[in-house]
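Me: I have a model open and want to talk it through. Can you take my questions one by one?

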Amino acid sequence: IEAIASILTTIEILLPAHAQEEEKMKITKKYVVLTTLISTLLLAVGSAYAAPLYFPHVDTTSGWQTEIALINLSATKSVTGTLRALSNAGQQLESKPITLPPHGRSQVIVSNEFINLTRIGHMIFESDSNTLQGYTKFYIDDVYRVAIPAVKKVNTSDIYISHIDSSSEWWTGLSLVNTTSTAKTVTITFSKADGSPVATKSVT
């Protein structure tokens, strides 16, 4: 199954297996809100585990911190799995075993639990359970804070992103994660409000 994403019209990007590419349209302030909203849409099939949770963007640079949280919805069964930290090129850097009791919750501050902080691009939690939910929280203490759900719904067709902003106070970040074992080709086309294309972007 190919992971195809599109911004307003279509997107075409070549991503290596388990790789992430973040497109920064324009650097201004408060990128996390739009980046994380977009990242919840970008998912493809590919794990051998029953119900992997994907955390498509991790940032521990320039004052930002990332919190990963896992919640076991089962009232009767514990869940044991592995939280894997990967680079943007899809290379596994580190892993951490995690066990959650029934209705249990685990919170991981990436900068406290992992070593290769600046190389971590995204994370995957793999287990044999389908009773898990989670979220990613990005924050700068006393400045910004936003949380979004972990991704586990599969996309198999175009993705339309209905709003982007590049202004004096905002920039839009796009995180793409290929969760399969084969390379995927995606093409990004940027469009005006009337639907007419203005630019395209290919990424490897």
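Me: Which residue stands opposite Ala85 in β8?
Reply: Met123 stands opposite Ala85. Strands here are DSSP runs (E, at least two residues), numbered from the N terminus, and helices are runs of H or I of at least four residues. Before we go on: this is a predicted model, where local features need pLDDT of at least 70, side-chain atom pairs count only at pLDDT 80 or more, and totals for chains, interfaces and linings use all residues. Residues are numbered from 1 along each chain as its sequence is written, and side-chain values use heavy atoms, with hydrogens and water left out.

Me: How many bridges join β5 to β8?
Reply: Six, and the two strands run antiparallel. Two strands pair if DSSP finds at least two bridges between them. β3 also pairs with β8 in the antiparallel sense, over three bridges. There, Leu53 stands opposite Phe125.

Me: Is β8 buried or exposed?
Reply: Six of the six residues of β8 are buried, so the strand is largely enclosed by the rest of the structure. Buried means under 20% relative accessible area, exposed over 50%, and partly exposed in between, with a 1.4 Å probe and protein chains only. Both faces are covered. His122, Ile124 and Glu126 lie on one side, with Met123, Phe125 and Ser127 on the other.

Me: What does Phe125 touch?
Reply: Leaving out residues up to four places away in sequence, its partners include Ala51, Pro52, Phe55, Leu70, Leu83, Ile98 and Leu132. Contact means heavy atoms within 4.5 Å.

Me: And the core, which residues have the most contacts inside the largest one?
Reply: Phe55, Leu83, Phe114, Ile120, Met123 and Phe125, in a nonpolar core of 19 residues. Such a core is a set of buried Ala, Val, Leu, Ile, Met, Phe, Trp, Tyr and Cys residues joined through side-chain atoms within 4.5 Å. β3 (53-55), β4 (65-72), β5 (79-86), β6 (92-100) and β8 (122-127) each supply at least two of its residues. Apart from it lies another core, of six residues, among them Ile159, Leu174, Ile188 and Phe190.

Me: New topic. What is the strand order in the open sheet of four strands?
Reply: β7-β4-β9-β10, with antiparallel pairing. The edge strands, β7 (105-109) and β10 (144-149), each pair on one side only. Six bridges join β9 (residues 132-140) to β10, and Tyr135 stands opposite Pro149.

Me: Which residues form the aromatic pair?
Reply: Trp64 and Tyr144, stacked at 5.5 Å centre to centre with 15° between the planes. Rings of Phe, Tyr and Trp (its six-membered ring) pair if their centres lie within 6.5 Å; planes under 30 degrees apart count as stacked, over 60 as edge-to-face and the rest as tilted. Trp64 sits in the loop between β3 and β4 and Tyr144 in strand β10, 80 residues apart.

Me: Why does Trp64 count as buried?
Reply: Because its relative accessibility is 8%. Tyr144, at 26%, counts as partly exposed.

Me: Last one. How many helices and strands are there in the protein?
Reply: Two helices and 14 strands. Of the 204 residues, 50% count as buried.
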